[in-house]
Amino acid sequence: MSAKKIPHRLYLTEDQMPRQWYNLRADMPEQPDPLLNPGTLRPLAVEELYPIFCEALARQEMDGSKRYYDIPEEVQEVYKMYRPSPLIRAFNLEKALGTPAKIYYKFEGNNTSGSHKLNSAVAQAYYAKAQGITRLTTETGAGQWGTALSEACSYFGIDLDVFMVKCSYEQKPFRKAVMGVFDANVTPSPSPTTEVGRKILAENPGTTGSLGCAISEAVESAVTAGNSRYVLGSVLNQVLLHQSIIGLESKAAMEELGEYPDVVVGCAGGGSNLGGLIAPFMQDKLTGKHDPRIVAVEPASCPSLTRGKYAYDFCDTGKVTPMARMYTLGSGFIPSANHAGGLRYHGMSPILSKLYHDKFMEAVSYRQTEVFEAAVLFAKLETILPAPESAHAIKGAIDEAMKCRESGEEKTILFGLTGTGYFDMTAYEAYLSGTMSDHVPTDEELQKGFDTLPDIPQNKGI
Ligand SMILES: Cc1ncc(COP(=O)(O)O)c(C=O)c1O
(Lines give C-alpha, C1' and ligand atoms only; values in the text may rest on other atoms or scores of the structure.)
Protein backbone atom coordinates (compact mmCIF):
# COMPACT_ATOMS: atom_id res chain seq x y z
CA MET A 1 0.00 0.00 0.00
CA SER A 2 1.43 3.40 -0.93
CA ALA A 3 1.88 6.01 1.82
CA LYS A 4 -0.82 8.62 2.11
CA LYS A 5 -0.02 11.82 0.22
CA ILE A 6 0.31 14.65 2.73
CA PRO A 7 -0.96 18.01 1.41
CA HIS A 8 0.79 21.26 2.26
CA ARG A 9 -2.37 22.57 3.92
CA LEU A 10 -5.24 20.60 5.32
CA TYR A 11 -8.52 22.40 5.98
CA LEU A 12 -11.20 20.42 7.77
CA THR A 13 -14.69 21.10 6.45
CA GLU A 14 -17.20 23.17 8.40
CA ASP A 15 -19.01 19.97 9.31
CA GLN A 16 -15.85 18.57 10.85
CA MET A 17 -15.42 21.57 13.14
CA PRO A 18 -15.69 20.48 16.79
CA ARG A 19 -19.06 21.33 18.38
CA GLN A 20 -17.79 21.05 21.95
CA TRP A 21 -14.91 22.53 23.89
CA TYR A 22 -12.83 20.16 26.02
CA ASN A 23 -12.14 20.94 29.68
CA LEU A 24 -8.70 19.52 30.42
CA ARG A 25 -9.21 19.75 34.19
CA ALA A 26 -11.69 16.86 34.00
CA ASP A 27 -8.83 14.46 33.24
CA MET A 28 -6.14 15.90 35.49
CA PRO A 29 -5.13 13.54 38.32
CA GLU A 30 -4.97 16.55 40.65
CA GLN A 31 -6.81 19.83 40.20
CA PRO A 32 -5.04 23.20 40.15
CA ASP A 33 -5.26 24.85 43.57
CA PRO A 34 -8.37 26.98 44.03
CA LEU A 35 -8.49 30.75 43.54
CA LEU A 36 -8.29 32.58 46.87
CA ASN A 37 -10.21 35.58 48.09
CA PRO A 38 -7.32 37.96 48.99
CA GLY A 39 -9.29 39.35 51.93
CA THR A 40 -10.20 36.08 53.67
CA LEU A 41 -7.55 33.82 52.07
CA ARG A 42 -10.31 31.23 51.62
CA PRO A 43 -11.17 29.49 48.34
CA LEU A 44 -13.40 31.71 46.28
CA ALA A 45 -17.06 30.80 45.82
CA VAL A 46 -18.36 31.13 42.28
CA GLU A 47 -20.78 33.91 43.32
CA GLU A 48 -17.82 36.03 44.40
CA LEU A 49 -16.76 36.17 40.76
CA TYR A 50 -20.13 37.39 39.47
CA PRO A 51 -19.39 41.12 39.96
CA ILE A 52 -16.25 40.72 37.81
CA PHE A 53 -17.14 38.08 35.19
CA CYS A 54 -20.31 37.09 33.38
CA GLU A 55 -22.02 34.31 35.30
CA ALA A 56 -21.68 31.58 32.67
CA LEU A 57 -17.98 32.35 32.38
CA ALA A 58 -17.52 32.40 36.16
CA ARG A 59 -19.09 28.94 36.29
CA GLN A 60 -16.78 27.69 33.54
CA GLU A 61 -13.87 29.12 35.50
CA MET A 62 -14.67 27.11 38.60
CA ASP A 63 -15.78 23.85 37.00
CA GLY A 64 -13.08 21.21 37.05
CA SER A 65 -15.33 18.23 36.40
CA LYS A 66 -17.50 18.79 33.32
CA ARG A 67 -15.45 17.29 30.49
CA TYR A 68 -17.17 18.77 27.41
CA TYR A 69 -19.08 22.02 26.92
CA ASP A 70 -21.36 22.52 23.92
CA ILE A 71 -20.19 25.47 21.86
CA PRO A 72 -23.27 27.74 21.55
CA GLU A 73 -24.73 27.87 18.01
CA GLU A 74 -24.12 31.64 17.80
CA VAL A 75 -20.45 31.15 18.65
CA GLN A 76 -20.14 28.36 16.07
CA GLU A 77 -21.62 30.69 13.45
CA VAL A 78 -18.86 33.25 14.09
CA TYR A 79 -16.20 30.55 14.22
CA LYS A 80 -17.29 29.44 10.75
CA MET A 81 -16.23 32.82 9.36
CA TYR A 82 -12.58 32.00 10.03
CA ARG A 83 -12.42 28.34 11.08
CA PRO A 84 -11.51 25.54 10.76
CA SER A 85 -7.97 26.91 10.60
CA PRO A 86 -5.42 25.05 8.48
CA LEU A 87 -2.98 22.41 9.64
CA ILE A 88 0.14 23.00 7.58
CA ARG A 89 3.07 20.69 6.85
CA ALA A 90 6.27 22.73 6.88
CA PHE A 91 7.87 20.88 3.97
CA ASN A 92 10.18 23.77 3.08
CA LEU A 93 11.37 24.24 6.63
CA GLU A 94 12.04 20.51 7.01
CA LYS A 95 14.08 20.54 3.81
CA ALA A 96 16.06 23.63 4.79
CA LEU A 97 16.89 22.12 8.18
CA GLY A 98 17.83 18.78 6.64
CA THR A 99 15.84 17.00 9.31
CA PRO A 100 14.10 13.64 9.05
CA ALA A 101 11.42 15.08 11.40
CA LYS A 102 7.95 15.88 10.09
CA ILE A 103 6.93 19.38 11.15
CA TYR A 104 3.29 20.42 11.27
CA TYR A 105 1.84 23.68 12.50
CA LYS A 106 -1.65 24.91 13.24
CA PHE A 107 -2.04 28.43 11.87
CA GLU A 108 -4.38 30.69 13.84
CA GLY A 109 -3.53 34.03 12.20
CA ASN A 110 -6.15 33.92 9.50
CA ASN A 111 -8.57 36.54 10.82
CA THR A 112 -8.45 40.35 11.17
CA SER A 113 -7.22 40.22 14.74
CA GLY A 114 -4.35 38.14 13.40
CA SER A 115 -4.30 35.55 16.15
CA HIS A 116 -5.97 32.76 18.13
CA LYS A 117 -7.36 35.33 20.57
CA LEU A 118 -10.61 35.60 18.61
CA ASN A 119 -11.58 32.06 19.72
CA SER A 120 -12.14 33.18 23.29
CA ALA A 121 -13.17 36.76 22.48
CA VAL A 122 -16.20 35.53 20.54
CA ALA A 123 -17.19 33.19 23.34
CA GLN A 124 -16.80 35.79 26.07
CA ALA A 125 -18.70 38.48 24.13
CA TYR A 126 -21.47 35.99 23.41
CA TYR A 127 -21.96 35.10 27.09
CA ALA A 128 -21.92 38.80 28.03
CA LYS A 129 -24.62 39.53 25.46
CA ALA A 130 -26.67 36.55 26.66
CA GLN A 131 -26.57 37.99 30.19
CA GLY A 132 -27.64 41.46 29.01
CA ILE A 133 -24.25 43.09 29.77
CA THR A 134 -23.80 46.27 27.72
CA ARG A 135 -20.14 47.13 28.32
CA LEU A 136 -16.94 45.12 28.68
CA THR A 137 -13.48 46.19 29.76
CA THR A 138 -10.17 44.49 29.16
CA GLU A 139 -6.42 44.90 28.90
CA THR A 140 -4.23 44.28 25.91
CA GLY A 141 -0.47 43.91 25.62
CA ALA A 142 0.66 43.44 22.07
CA GLY A 143 -2.81 44.39 20.87
CA GLN A 144 -4.02 41.07 19.46
CA TRP A 145 -6.41 40.38 22.31
CA GLY A 146 -7.78 43.94 22.25
CA THR A 147 -8.33 43.69 18.51
CA ALA A 148 -9.98 40.30 18.79
CA LEU A 149 -12.32 41.45 21.54
CA SER A 150 -13.11 44.64 19.61
CA GLU A 151 -14.20 42.49 16.67
CA ALA A 152 -16.29 40.23 18.87
CA CYS A 153 -17.94 43.11 20.77
CA SER A 154 -18.72 44.91 17.56
CA TYR A 155 -20.37 41.74 16.22
CA PHE A 156 -22.53 41.27 19.32
CA GLY A 157 -23.21 45.03 19.82
CA ILE A 158 -21.38 45.54 23.14
CA ASP A 159 -19.37 48.66 24.16
CA LEU A 160 -15.70 48.02 24.87
CA ASP A 161 -12.98 49.85 26.81
CA VAL A 162 -9.46 48.55 26.23
CA PHE A 163 -6.51 49.43 28.50
CA MET A 164 -3.46 48.99 26.30
CA VAL A 165 0.04 48.64 27.78
CA LYS A 166 1.61 52.05 27.18
CA CYS A 167 4.75 50.90 25.34
CA SER A 168 2.64 48.91 22.85
CA TYR A 169 0.23 51.83 22.48
CA GLU A 170 3.16 54.02 21.47
CA GLN A 171 4.94 51.41 19.34
CA LYS A 172 1.81 50.25 17.50
CA PRO A 173 -0.50 53.15 16.63
CA PHE A 174 -2.15 51.11 13.87
CA ARG A 175 -3.30 48.50 16.38
CA LYS A 176 -5.32 51.25 18.03
CA ALA A 177 -6.70 52.23 14.64
CA VAL A 178 -7.89 48.67 13.96
CA MET A 179 -9.62 48.57 17.33
CA GLY A 180 -11.17 51.92 16.36
CA VAL A 181 -12.62 50.35 13.22
CA PHE A 182 -14.54 48.08 15.56
CA ASP A 183 -15.61 51.07 17.74
CA ALA A 184 -13.50 50.20 20.80
CA ASN A 185 -12.27 52.94 23.12
CA VAL A 186 -8.51 52.50 23.74
CA THR A 187 -6.60 54.05 26.69
CA PRO A 188 -2.84 53.76 27.26
CA SER A 189 -2.08 52.10 30.62
CA PRO A 190 -1.23 53.08 33.29
CA SER A 191 -3.68 55.97 32.91
CA PRO A 192 -5.02 58.72 35.13
CA THR A 193 -8.58 57.47 34.47
CA THR A 194 -8.54 54.89 37.30
CA GLU A 195 -7.51 55.03 40.94
CA VAL A 196 -5.08 52.15 40.54
CA GLY A 197 -3.59 53.77 37.41
CA ARG A 198 -3.04 57.05 39.27
CA LYS A 199 -1.35 55.15 42.11
CA ILE A 200 0.97 53.24 39.77
CA LEU A 201 1.84 56.49 37.93
CA ALA A 202 2.58 58.29 41.21
CA GLU A 203 4.88 55.48 42.37
CA ASN A 204 6.58 54.99 39.02
CA PRO A 205 6.02 58.05 36.76
CA GLY A 206 8.16 56.86 33.84
CA THR A 207 6.66 53.37 33.61
CA THR A 208 5.84 52.02 30.16
CA GLY A 209 3.26 49.74 31.73
CA SER A 210 2.73 46.01 31.83
CA LEU A 211 -0.10 43.57 31.35
CA GLY A 212 -0.40 43.34 35.14
CA CYS A 213 -1.03 47.13 35.40
CA ALA A 214 -3.53 47.14 32.55
CA ILE A 215 -5.48 44.27 34.13
CA SER A 216 -5.80 46.23 37.39
CA GLU A 217 -7.20 49.23 35.53
CA ALA A 218 -9.63 47.19 33.45
CA VAL A 219 -10.97 45.32 36.50
CA GLU A 220 -11.48 48.58 38.41
CA SER A 221 -13.17 50.18 35.44
CA ALA A 222 -15.61 47.24 35.17
CA VAL A 223 -16.54 46.85 38.82
CA THR A 224 -17.05 50.57 39.42
CA ALA A 225 -19.45 51.09 36.48
CA GLY A 226 -22.99 49.88 35.87
CA ASN A 227 -23.80 46.79 33.77
CA SER A 228 -20.13 46.21 32.92
CA ARG A 229 -17.96 43.16 33.26
CA TYR A 230 -14.28 42.46 32.85
CA VAL A 231 -12.88 39.90 30.41
CA LEU A 232 -9.37 38.51 30.17
CA GLY A 233 -7.66 37.10 27.09
CA SER A 234 -5.52 34.43 28.72
CA VAL A 235 -4.45 32.73 31.97
CA LEU A 236 -7.99 31.85 33.09
CA ASN A 237 -9.39 28.33 32.94
CA GLN A 238 -12.36 29.52 30.86
CA VAL A 239 -10.00 30.93 28.19
CA LEU A 240 -8.12 27.65 27.94
CA LEU A 241 -11.47 25.90 27.58
CA HIS A 242 -12.43 28.09 24.58
CA GLN A 243 -8.98 27.68 23.05
CA SER A 244 -9.30 23.88 23.13
CA ILE A 245 -10.82 24.28 19.66
CA ILE A 246 -7.23 24.67 18.38
CA GLY A 247 -6.12 21.31 19.73
CA LEU A 248 -9.33 19.49 18.86
CA GLU A 249 -9.11 20.62 15.23
CA SER A 250 -5.38 19.80 15.12
CA LYS A 251 -6.03 16.29 16.39
CA ALA A 252 -8.88 15.70 13.94
CA ALA A 253 -6.75 16.94 11.03
CA MET A 254 -3.78 14.81 12.05
CA GLU A 255 -6.04 11.78 12.36
CA GLU A 256 -7.19 12.43 8.80
CA LEU A 257 -3.55 12.22 7.74
CA GLY A 258 -2.85 9.15 9.86
CA GLU A 259 -0.45 11.18 12.02
CA TYR A 260 0.04 11.71 15.74
CA PRO A 261 2.58 14.12 17.26
CA ASP A 262 5.56 12.89 19.26
CA VAL A 263 6.18 16.44 20.42
CA VAL A 264 3.75 19.37 20.76
CA VAL A 265 5.34 22.82 21.06
CA GLY A 266 3.71 26.16 21.82
CA CYS A 267 4.62 29.61 23.04
CA ALA A 268 3.42 30.53 26.50
CA GLY A 269 2.42 34.02 27.61
CA GLY A 270 -0.49 33.52 29.96
CA GLY A 271 -0.87 30.03 28.53
CA SER A 272 -4.10 30.17 26.50
CA ASN A 273 -2.92 29.02 23.07
CA LEU A 274 -0.66 26.38 24.55
CA GLY A 275 -3.39 25.13 26.88
CA GLY A 276 -5.77 24.96 23.92
CA LEU A 277 -3.33 23.34 21.50
CA ILE A 278 -2.23 20.61 23.89
CA ALA A 279 -5.66 19.90 25.41
CA PRO A 280 -6.63 16.67 23.58
CA PHE A 281 -3.02 15.46 23.40
CA MET A 282 -2.59 16.03 27.12
CA GLN A 283 -5.85 14.14 27.61
CA ASP A 284 -4.27 11.17 25.80
CA LYS A 285 -1.18 11.49 27.96
CA LEU A 286 -3.14 11.71 31.21
CA THR A 287 -5.36 8.78 30.28
CA GLY A 288 -2.44 6.63 29.12
CA LYS A 289 -3.43 6.44 25.41
CA HIS A 290 -0.33 8.18 24.06
CA ASP A 291 2.73 9.79 25.53
CA PRO A 292 3.60 12.92 23.51
CA ARG A 293 6.15 15.35 24.91
CA ILE A 294 4.66 18.77 25.54
CA VAL A 295 7.00 21.77 25.41
CA ALA A 296 6.22 25.33 26.48
CA VAL A 297 8.41 28.10 25.05
CA GLU A 298 8.83 31.41 26.82
CA PRO A 299 11.10 34.46 26.50
CA ALA A 300 14.28 34.46 28.56
CA SER A 301 13.36 38.02 29.58
CA CYS A 302 10.13 36.88 31.27
CA PRO A 303 10.80 33.30 32.35
CA SER A 304 7.83 32.46 34.56
CA LEU A 305 7.93 28.67 34.08
CA THR A 306 11.68 28.15 33.80
CA ARG A 307 12.76 30.48 36.61
CA GLY A 308 9.57 31.43 38.45
CA LYS A 309 8.13 30.15 41.72
CA TYR A 310 5.03 28.00 42.11
CA ALA A 311 3.16 30.24 44.53
CA TYR A 312 -0.07 32.05 45.20
CA ASP A 313 0.03 35.46 43.55
CA PHE A 314 -2.16 38.24 42.28
CA CYS A 315 -2.94 38.15 38.58
CA ASP A 316 -2.31 41.91 38.33
CA THR A 317 0.12 44.57 39.50
CA GLY A 318 -2.42 46.62 41.45
CA LYS A 319 -3.42 43.53 43.51
CA VAL A 320 -7.13 43.88 42.86
CA THR A 321 -7.73 40.37 41.48
CA PRO A 322 -8.19 37.06 43.32
CA MET A 323 -5.00 35.12 44.01
CA ALA A 324 -4.10 32.12 41.86
CA ARG A 325 -1.48 29.45 42.48
CA MET A 326 0.77 29.52 39.46
CA TYR A 327 4.34 29.80 38.27
CA THR A 328 5.06 33.47 38.76
CA LEU A 329 7.82 36.05 38.82
CA GLY A 330 5.82 38.14 41.29
CA SER A 331 3.10 40.60 40.33
CA GLY A 332 5.58 43.43 40.92
CA PHE A 333 7.94 42.09 38.24
CA ILE A 334 8.05 44.49 35.30
CA PRO A 335 9.68 42.68 32.38
CA SER A 336 12.10 44.44 30.05
CA ALA A 337 10.60 45.76 26.84
CA ASN A 338 10.76 42.44 25.01
CA HIS A 339 9.14 42.81 21.61
CA ALA A 340 6.88 39.82 22.13
CA GLY A 341 4.47 41.93 24.17
CA GLY A 342 2.01 39.06 24.52
CA LEU A 343 4.58 37.02 26.44
CA ARG A 344 5.40 39.76 28.98
CA TYR A 345 3.23 38.47 31.79
CA HIS A 346 4.50 37.70 35.28
CA GLY A 347 2.35 34.58 35.81
CA MET A 348 1.08 31.52 33.96
CA SER A 349 -2.22 29.69 33.61
CA PRO A 350 -2.91 27.72 36.83
CA ILE A 351 -3.80 24.66 34.72
CA LEU A 352 -0.49 24.71 32.85
CA SER A 353 1.38 25.56 36.04
CA LYS A 354 -0.05 22.50 37.74
CA LEU A 355 0.72 20.24 34.76
CA TYR A 356 4.26 21.59 34.64
CA HIS A 357 4.68 21.18 38.38
CA ASP A 358 3.47 17.58 38.14
CA LYS A 359 5.97 16.98 35.30
CA PHE A 360 3.49 16.38 32.48
CA MET A 361 5.02 19.27 30.57
CA GLU A 362 8.47 20.73 29.87
CA ALA A 363 9.53 24.34 29.36
CA VAL A 364 12.38 26.13 27.59
CA SER A 365 13.26 29.79 27.19
CA TYR A 366 14.95 31.69 24.38
CA ARG A 367 16.50 35.13 23.91
CA GLN A 368 14.65 37.36 21.50
CA THR A 369 17.42 37.65 18.88
CA GLU A 370 17.48 33.87 18.40
CA VAL A 371 13.68 33.93 18.22
CA PHE A 372 13.73 36.57 15.46
CA GLU A 373 16.38 34.61 13.58
CA ALA A 374 13.93 31.70 13.55
CA ALA A 375 11.07 34.06 12.55
CA VAL A 376 12.95 35.40 9.53
CA LEU A 377 13.97 31.94 8.38
CA PHE A 378 10.38 30.75 8.72
CA ALA A 379 8.94 33.76 6.85
CA LYS A 380 11.24 33.14 3.90
CA LEU A 381 10.44 29.44 3.71
CA GLU A 382 6.76 29.28 4.66
CA THR A 383 5.47 32.68 3.40
CA ILE A 384 3.87 33.68 6.69
CA LEU A 385 5.35 36.57 8.68
CA PRO A 386 4.97 35.26 12.22
CA ALA A 387 4.07 37.28 15.31
CA PRO A 388 7.07 37.52 17.66
CA GLU A 389 5.13 35.50 20.23
CA SER A 390 4.50 32.71 17.72
CA ALA A 391 8.14 32.79 16.66
CA HIS A 392 9.05 31.41 20.08
CA ALA A 393 7.18 28.22 19.14
CA ILE A 394 8.93 28.17 15.76
CA LYS A 395 12.29 28.34 17.48
CA GLY A 396 11.23 25.55 19.85
CA ALA A 397 10.08 23.37 16.94
CA ILE A 398 13.28 24.04 14.97
CA ASP A 399 15.39 22.95 17.93
CA GLU A 400 13.35 19.75 18.26
CA ALA A 401 13.80 19.11 14.53
CA MET A 402 17.55 19.69 14.81
CA LYS A 403 17.74 17.12 17.61
CA CYS A 404 16.13 14.69 15.16
CA ARG A 405 18.75 15.56 12.58
CA GLU A 406 21.42 14.55 15.06
CA SER A 407 19.70 11.38 16.21
CA GLY A 408 18.25 10.43 12.83
CA GLU A 409 14.80 10.00 14.37
CA GLU A 410 11.78 10.67 12.17
CA LYS A 411 9.66 12.32 14.85
CA THR A 412 6.41 14.14 14.20
CA ILE A 413 6.43 17.66 15.62
CA LEU A 414 3.35 19.82 15.95
CA PHE A 415 3.58 23.47 16.91
CA GLY A 416 1.14 26.34 17.29
CA LEU A 417 1.59 29.30 14.95
CA THR A 418 -0.63 31.66 16.88
CA GLY A 419 -0.57 34.72 14.68
CA THR A 420 0.92 37.10 12.17
CA GLY A 421 3.43 39.87 12.84
CA TYR A 422 2.39 42.69 10.52
CA PHE A 423 2.00 45.10 13.44
CA ASP A 424 5.39 44.15 14.80
CA MET A 425 7.54 45.73 12.12
CA THR A 426 9.38 47.95 14.64
CA ALA A 427 10.64 44.76 16.22
CA TYR A 428 11.57 43.21 12.86
CA GLU A 429 13.37 46.44 11.95
CA ALA A 430 15.30 46.39 15.22
CA TYR A 431 16.32 42.80 14.54
CA LEU A 432 17.33 43.46 10.94
CA SER A 433 19.32 46.58 11.79
CA GLY A 434 21.16 44.78 14.59
CA THR A 435 19.88 47.12 17.31
CA MET A 436 17.80 44.47 19.09
CA SER A 437 19.28 43.51 22.43
CA ASP A 438 18.69 40.57 24.74
CA HIS A 439 17.89 41.17 28.34
CA VAL A 440 18.01 38.16 30.61
CA PRO A 441 17.16 39.17 34.18
CA THR A 442 19.76 38.41 36.85
CA ASP A 443 18.82 36.40 39.95
CA GLU A 444 18.88 39.69 41.90
CA GLU A 445 16.41 41.28 39.47
CA LEU A 446 14.11 38.27 39.75
CA GLN A 447 14.37 38.39 43.54
CA LYS A 448 12.86 41.89 43.49
CA GLY A 449 9.78 40.39 41.83
CA PHE A 450 9.66 37.44 44.24
CA ASP A 451 9.77 39.92 47.12
CA THR A 452 6.34 41.16 45.95
CA LEU A 453 4.72 37.71 46.38
CA PRO A 454 1.94 37.76 48.99
CA ASP A 455 3.21 36.98 52.47
CA ILE A 456 0.51 34.46 53.33
CA PRO A 457 0.59 31.05 55.05
CA GLN A 458 -0.08 29.30 51.72
CA ASN A 459 3.25 30.67 50.42
CA LYS A 460 5.39 29.54 53.36
CA GLY A 461 8.45 27.57 52.33
CA ILE A 462 8.25 28.28 48.59
C1 LIG B 1 0.08 36.08 18.58
C2 LIG B 1 0.13 35.74 20.03
N3 LIG B 1 0.59 34.53 20.38
C4 LIG B 1 0.68 34.16 21.67
C5 LIG B 1 0.31 35.02 22.67
C6 LIG B 1 0.47 34.56 24.08
O7 LIG B 1 -0.70 34.45 24.78
P8 LIG B 1 -1.22 33.06 25.32
O9 LIG B 1 -0.11 32.47 26.12
O10 LIG B 1 -2.39 33.41 26.13
O11 LIG B 1 -1.59 32.25 24.14
C12 LIG B 1 -0.21 36.29 22.36
C13 LIG B 1 -0.66 37.21 23.42
O14 LIG B 1 -0.96 38.34 23.22
C15 LIG B 1 -0.29 36.65 21.00
O16 LIG B 1 -0.76 37.83 20.64
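This is a predicted model: local features need pLDDT of at least 70, side-chain atom pairs count only at pLDDT 80 or more; totals for chains, interfaces and linings use all residues.

Biologist: Which helix gives the largest share of the shell around the ligand?

Modeller: Three helices each supply at least two residues of that shell: helix 6 (144-156), helix 12 (272-286) and helix 16 (388-407). The largest share is 3 residues, and it comes from helix 12.

Biologist: How many residues of that shell are charged?

Modeller: There are 21 residues around the ligand, and Ser 234, Gly 269, Ser 272, Gly 342 and Gly 419 come nearest. By class, the shell splits into 7 nonpolar and 13 polar residues, with the charged count at 1.

Biologist: Is Lys 117 buried or exposed?

Modeller: The unreviewed UniProt entry annotates Lys 117 as "modified residue: N6-(pyridoxal phosphate)lysine". Lys 117 lies in the loop between strand 5 (102-107) and helix 5 (118-130), and its contacts beyond four places in sequence are Gln 144, Trp 145, Ala 148 and Gly 233. Since 20 or more neighbours is the cut-off, its 32 C-beta neighbours inside 10 Å make Lys 117 buried.

Biologist: Which strands stand at the edges of the sheet?

Modeller: The sheet is open and mixed, with 7 strands in the order 1-4-5-15-10-11-14. Each edge strand has a single partner, so one side is left without a neighbour in the sheet; these are strand 1 (9-10) and strand 14 (362-366).

Methods. Residues are numbered from 1 along each chain as its sequence is written. A residue is near a molecule or strand if its C-beta atom, placed from the backbone, lies within 6 Å of it. Helices (H or I, at least four residues) and strands (E, at least two) are DSSP runs, numbered from the N terminus. Ala, Val, Leu, Ile, Met, Phe, Trp, Tyr, Cys and Pro count as nonpolar, Asp, Glu, Lys and Arg as charged, and the others, Gly among them, as polar. UniProt positions are given in the numbering used here, feature names are shortened, and annotations may be inferred rather than shown by experiment. A residue is buried if 20 or more other C-beta atoms lie within 10 Å of its own, exposed if 12 or fewer, and partly exposed in between; C-beta atoms are placed from the backbone. Two residues are in contact if their C-beta atoms, placed from the backbone, lie within 7 Å. Two strands pair if DSSP finds at least two bridges between them.
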